[in-house]
Amino acid sequence: MNITPCFRLASLAIFGCSLFAPALSADWTIRNGFNFDVENEILRITTVPDNRVDRVNDGTLLRDGQAVPHQVRRYWDENQLWSVASAPAETSLQYTFQGGSSTTQLPEGLSASAIFEEEGFLHLSNAYFTVRLPASASGSTPPAPILGLLPHPDLTAEQRAGLTPDALENSTGLQELRGEATNWIGRGEWQTELPLAKLEVDITSEGPLFQEVLLTYLFEGDIGTDYQPFAQIRIRIFSGGEQLEIEERFHMKRNDAWTFDLAPGWSPDESLVQVHGGGAGQPAKSNMQEMTFTLPGKRWPHEDEIWKKGDRLISLLPRWTQAYDDGWFYGASDGQKVFGSLVAKAGKWVWPHETKINVHLNEQGNQALLRLPTHRGSRFHYLLYMAKSDVEPAEREDRRGRMRRTNQMDGIVQGLAMRNLDRFNNKFITEWPGNDDGRFSAFFFYSQNINPTGFWRQQARQDANRVGSKGNLGTLTWVQNMFHADAFGSYLNMWSPLNPNFNTDFIQRPIMQATRLKDHPDFETFRKRAEIELRKDMYYAITLPGGAGQECFGYLKHALGIYEKLAEVTREHLDFDPTEWPRYQAARDFLYRTSYPKNGRRHIHPGGDTHPRGDRGSPTVGDYGLSGNAQELESEEFPGFGVVLRNHSGTDRETYFALKSGPNRGHFHGDQLSFHYAAHANPLAVDHHVSFNPRAGQEHMHNRVSFGTEEMPWANMDGYERTIAFETDEKVDIVMGQVESNRLRETKKMPPERWNQEYPQIRFDDNPLTYRRTVVQVKDAPSGNDYFVIWDQFHGPELKATYNLHVLGDKLERNGQTLNFNKLTTFVAYPENFSFDTLPWSHERGGGQTTQGARLTVEGDQGEFITVLYPDENPPAMESMANGVKVGDDQILFNRHPSNASDAVVVVQRGKETIGRLAYGDIDLNRSQGEIGLFIPDAGYPFGEIPDWLAEQRTGIPEYAREIATPAALRWGQGAITR
């Protein structure tokens with residue numbers, strides 16, 4: 001095996017230590033700060049001004065006085081000088097540039113590479129394989145970026161050393177090298193309806209060390225933005241390397257992708273998979289797994305037949321997750337060779353949860369399809385072709401002479417992307433004058449130990465005991481590694497941290513370790529970085545205005561607890577105090593301002609995984625150390641969460657109605673547009689105060705409309721909800737929310753729901769389901785009560801729609817259009833005809849709950865429910881009207897087909913007086929959801945794709961964080977191709 005480590009990091013360094021572009025007579029020192037020798041590592045030396053490129057190409061680069069090969073690479077908007085290095089552990093190399101003729105003589109151990117055009121194709125070739133790319137395009141159908149790979153026969157080291165570029169470029173020489181191996185393997189193609197406008201093929205670097213091509217695809221068509229649809233794909237092959245490096249950025253339609261099938265042209269019959277996690281509560285398998293090459297069927301240890309995932313075996317993304325069907329390597333193998341995909345460098349991925357590489361197999365066992373989505377973002381990965389024996393786990397002798405089973409794939413990805421001279425010298429501050437203790441240190445980014453829960457939190461407690469103590473070179477590099485976007489992804493690249501609280505847990509360790517760098521000359525750099533990282537975490541975890549958590553209530557408090565502990569450290573050592581920041585204060589206020597009354601206490605909203613305590617249910621504000629004046633609370637919008645409607649707060653007449661109508665979804669359940677309702681200072685219709693066991697993740701277990709079909713009666717539509725209108729007044733409050741989805745996902749009838757059950761699904765991409773809920777609070781009615789009228793509307797495919805209501809108590813009686821619960825009467829004004837069923841449930845968490853569930857079901861491709869919730873068993877007379885409902889003397893009227901902005905959509909009349917009104921022009925589908933955070937679940941909460949309206953509200957980079965934003969995010973955000 002020969003893997004040449006190659007890594008290109010940002011020219012704008014993460015710690016302000018980027019290499020400058022010096023005069024060409026300058027010297028550069030390259031250090032090997034590792035405790036192992038390196039040999040023939042290809043790395044970047046410096047950047048080169050545009051007007052010096054020709055001189056560099058024609059000159060000579062000396063390494064410790066000896067001429068070494070070099071070449072210039074045009075990488076996006078800069079020129080880079082690359083060369084090769086070999087160095088014993090903990091030594092340095094001196095590079096000097098001088099005039100005169102350059103050398104292409106490769107050092108011993110490296111073999112030639114070449115780039116050439118043949119038969120209308122462009123070929124990149126080295127001793128191990130030739131890759132075929134398009135050289136041009138004609139017509140509107142785009143050719144695939146990679147058309148196939150031709151394996152070369154296994155050569156001896158001597159044969160590889162004698163290989164010349166001419167032999168690779170010359171047809172006769174290639175035929176001689178190939179021998180009888182003339183069969184191309186793999187096949188690529190585009191999956192897009194966008195017609196190709198132009199394909200630009202640029203050779204961006206050609207030389208003795210590597211060959212590189214940049215393919216720019218320009219498409220015709222409208223994708224709803226100012227961008228012309230495009231995809232840029234950079235492909236690099238190395239002298240002496242068994243990997244093809246691929247870097248991409250793109251902006252196309254939602255379902256667009258290019259694919260590469262690893263199976264054509266040979267006969268692989270097994271899958272090799274390197275997973276990230278084991279699933280919730282399951283041990284992860286850290287070594288390579290040999291798996292089936294056919295689907296469908298059970299393919300994961302924790303899966304039963306109902307969890308079939310269509311034809312997808314695994315998704316590849318370069319960041320640890322809990323998911324057992326997410327990983328970082330997939331290979332097809334015939335028992336001798338492996339042809340596969342390796343993902344790396346999380347800092348180069350933008351919108352990674354949309355751009356992850358999905359591996360699809362089939363029932364016939366003749367497909368191993370890599371599907372690479374190109375909706376938006378960027379991606380970095382490798383294609384590997386090598387012997388299976390170089391990939392699978394192996395027995396090796398450790399330093400103490402003991403035989404250990406090692407994962408060779410760990411070493412491969414480490415060398416390529418994590419521990420190499422290029423990364424060490426071009427990204428980090430690596431010297432500490434007067435402190436020679438320690439050496440390079442970093443976690444393996446794909447290790448289970450990077451899971452920011454048990455082990456990580458345990459280590460954080462140990463870090464707390466070392467705060468402020470003197471660090472060493474290991475501390476210096478470890479801190480920088482853990483702050484790097486490659487370690488855990490970056491919010492600025494639209495990486496979701498699996499659960500938002502995970503990022504808060506993760507960053508506490510490098511922040512505490514940064515206090516140990518006080519004696520370093522660049523301490524201010526690290527101090528500032530620690531502050532930016534904590535600000536960034538809080539920025540994405542807490543939504544302003546209002547302070548809503550991207551996490552559910554209990555986990556928001558968990559994050560606040562970490563901020564408070566870190567504040568004790570940062571006040572003393574890092575010169576900032578996060579508890580003084582507005583977001584921290586707003587989040588504490590949010591927990592109090594959304595609290596509800598129960599038995600004379602104020603409790604935290606029980607939504608999501610807010611763990612019950614003792615026998616009181618959800619935690620009280622006192623449990624969280626919160627206090628305030630409840631009588632000052634009023635109806636209020638909390639962007640990201642939704643709206644809380646109130647009246648008579650802090651009294652025994654308090655009315656409380658919290659509508660979950662915001663897109664923050666961290667640890668929340670299937671509660672889009674559901675409500676938690678209390679009247680007379682005690683809960684009535686509830687969000688069940690349960691957590692993981694049993695977790696009521698089913699939408700029909702919440703107070704909302706759920707949807708299903710005959711073949712899938714229990715399903716979640718998921719989606720990301722939003723508030724699209726809100727009006728509050730002395731007598732009437734009106735709020736409107738909406739959620740859309742292009743599929744239903746099967747779930748169980750009763751809690752707990754299955755963890756991470758993403759399939760089976762029913763999709764309707766061409767006719768999405770839209771569910772809109774309008775809630776009207778009528779305050780201080782003549783009868784002496786506040787009451788609510790709820791107008792639910794839906795349209796989309798032909799489905800069953802069920803209005804679900806879960807009320808505390810043991811009573812549920814139906815009398816025509818009226819449902820009688822304990823202390824609550826529900827009147828169904830519309831529809832007149834519906835099927836009726838009950839769903840009683842009880843649990844023992846937090847003192848237990850018993851609820852009676854009413855289910856009202858209709859069928860159709862559109863429909864509505866109009867219901868009245870009246871908190872009394874003896875309500876005033878209620879009756880349906882042609883366009884609404886009458887409650888006593890009040891009329892609540894709805895306009896189903898408004899056409900002008902001034903048209904009323906909702907009108908509340910008391911006698912002849914209009915006491916409440918919502919106009920059509922007050923509805924805004926692009927209404928701001930606040931400075932919202934980011935939660936795109938890797939596992940456990942498959943809410944579906946991020947809709948465009950939400951993505952557009954999340955793409956901004958805070959001004960204070962721009963200096964640490966990765967070039968990938970900045971390049972993609974700038975938009976490479978505009979009309």
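**Figure 1. Pairing of β2 and β6 in a predicted model.** Strands β2 and β6 (residues 78-87) run antiparallel and are joined by eight bridges. Two strands count as paired if DSSP finds at least two bridges between them; strands (E, at least two residues) and helices (H or I, at least four) are DSSP runs numbered from the N terminus. Within β6, V84 is the bridge partner of I42. The model is predicted, so that local features need pLDDT of at least 70 and side-chain atom pairs count only at pLDDT 80 or more, whereas totals for chains, interfaces and linings use all residues. Residues are numbered from 1 along each chain as its sequence is written, and side-chain values use heavy atoms, with hydrogens and water left out.

**Figure 2. The open sheet β2-β6-β5.** Three strands, in the order β2-β6-β5, form an open sheet with antiparallel pairing. Its edge strands, β2 (38-48) and β5 (71-75), each pair on one side only. On average, neighbouring strands of this sheet are turned by 35° against each other, direction ignored.

**Figure 3. The second largest cavity.** The whole structure holds seven cavities of 30 Å³ or more. A cavity is a set of points on a 1 Å grid over the protein atoms alone where a 1.4 Å probe fits but cannot get out, and lining residues have an atom within 4 Å of a point. The second largest cavity has a volume of about 140 Å³, a volume being the space filled by probe spheres set on the points, which are joined across faces, edges and corners. Of its 16 lining residues, F483, H484, G489, E533 and K536 are the closest to the centre. At least two lining residues come from each of α9 (473-483), α10 (485-488), α11 (500-514) and α12 (523-541). The lining comprises eight nonpolar, five polar and three charged residues; Ala, Val, Leu, Ile, Met, Phe, Trp, Tyr, Cys and Pro count as nonpolar, Asp, Glu, Lys and Arg as charged, and the others, Gly among them, as polar.

**Figure 4. Packing of α11 and α12.** The axes of α11 and α12 lie 10 Å apart, at an angle of about 165°. Axes are lines fitted to C-alpha atoms over the stretch in contact, and angles run from 0 to 180 degrees between N-to-C directions. The two helices, α11 and α12, are therefore roughly antiparallel, a term for angles over 145 degrees.

**Figure 5. Cis peptide bonds.** The bond from P751 to P752 is cis, with omega near -5°; P752 is placed in the loop between β41 (743-746) and β42 (761-763). The bond from Y830 to P831 is also cis, with omega near 0°, and P831 lies in the loop between β47 (824-830) and β48 (835-838).

Methods. On a 1 Å grid over the protein atoms alone, a cavity is a set of points where a 1.4 Å probe fits but cannot get out, and a pocket is an open set with protein on both sides within 12 Å along at least five of seven lines; lining residues have an atom within 4 Å of a point. Angles under 35 degrees count as roughly parallel, over 145 as roughly antiparallel, 65 to 115 as roughly perpendicular and the rest as oblique.
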